[in-house]
Amino acid sequence: MDVRINVGSLPQNGSKVEIRLKKGDSSIREIISDALVSFDVYKSGNSYDVEGFIEYDLSLICSRCLKEITQHEKRNFRLEFKEEPGYTVDDKSARETDEAEVEYIVENNCINLGPFLRDEILLYIPLKPLCSEECMGLCSICGANLNNTTCEHSKTKQESLT
Ligand SMILES: [Zn+2]
Ligand SMILES: [Zn+2]
């Protein structure tokens, strides 16, 4: 996923950028809307500060009752891209530092937010989504959705608990 911004001709007081990423661009199947990325970018010394937000809709499956959940996400982010004269990479705008932290760098007057945004989106896709904290899930024996109904198995289970 590439989201390249040319910062070569950035105005002194920074620039406001708004990008709409098409639904399929990230190839993250949980995303069911276009993603809006909106941020300011400005130069400070040898680096570029990027500050803004990303907004999109996710479709998830409840890990207990298998109901589809749609979730609106909006998150702020702040990144620093460093200018490193003489440093070149082939097709990356990020590399691992010694501390295994990702460092974002400016290449050919371009910053690429793509890898960061992709990671950011993936990071916030829950491993075990829940339609609600109180979701009762499905009966492990007959598959009844215990949020809407009770079955003979759930009754005996409740009785044995008391
Ligand atoms: Zn559920
Ligand atoms: Zn049952």
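Two strands count as paired if DSSP finds at least two bridges between them. The strands themselves are DSSP runs of E with at least two residues, numbered from the N terminus.

Before we start, a word on the model. It is predicted, so local features are taken at pLDDT of at least 70 and side-chain atom pairs at pLDDT 80 or more, while totals for chains, interfaces and linings use all residues. Residues are numbered from 1 along each chain as its sequence is written, and chains are lettered from A and ligands numbered from 1 in the order in which they are written.

Let's begin with β4 (residues 47-61) and β5 (residues 68-83), which pair in the antiparallel sense over 15 bridges. To find your place in this pairing, look for E51, which stands opposite R78 in β5. The two strands form a hairpin, with six residues between them.

Now follow β5 to its other partner, β7 (residues 102-106). Here the strands run parallel and are joined by three bridges. F81 is a handy landmark, standing opposite Y104 in β7.

Next, the loops. Most residues other than glycine have a negative phi. L66, in the loop between β4 and β5, has a positive phi near 65°. Is L66 buried or exposed? A residue is buried if 20 or more other C-beta atoms lie within 10 Å of its own, exposed if 12 or fewer, and partly exposed in between, with C-beta atoms placed from the backbone. L66 has 12 such atoms within 10 Å, so it is exposed.

N109 sits in the loop between β7 and β8 (110-112). Phi of N109 is positive, near 65°, and with 12 C-beta neighbours inside 10 Å this residue counts as exposed.

Methods
Helix = DSSP H or I, 4+ residues; strand = E, 2+ residues; numbered from the N terminus.
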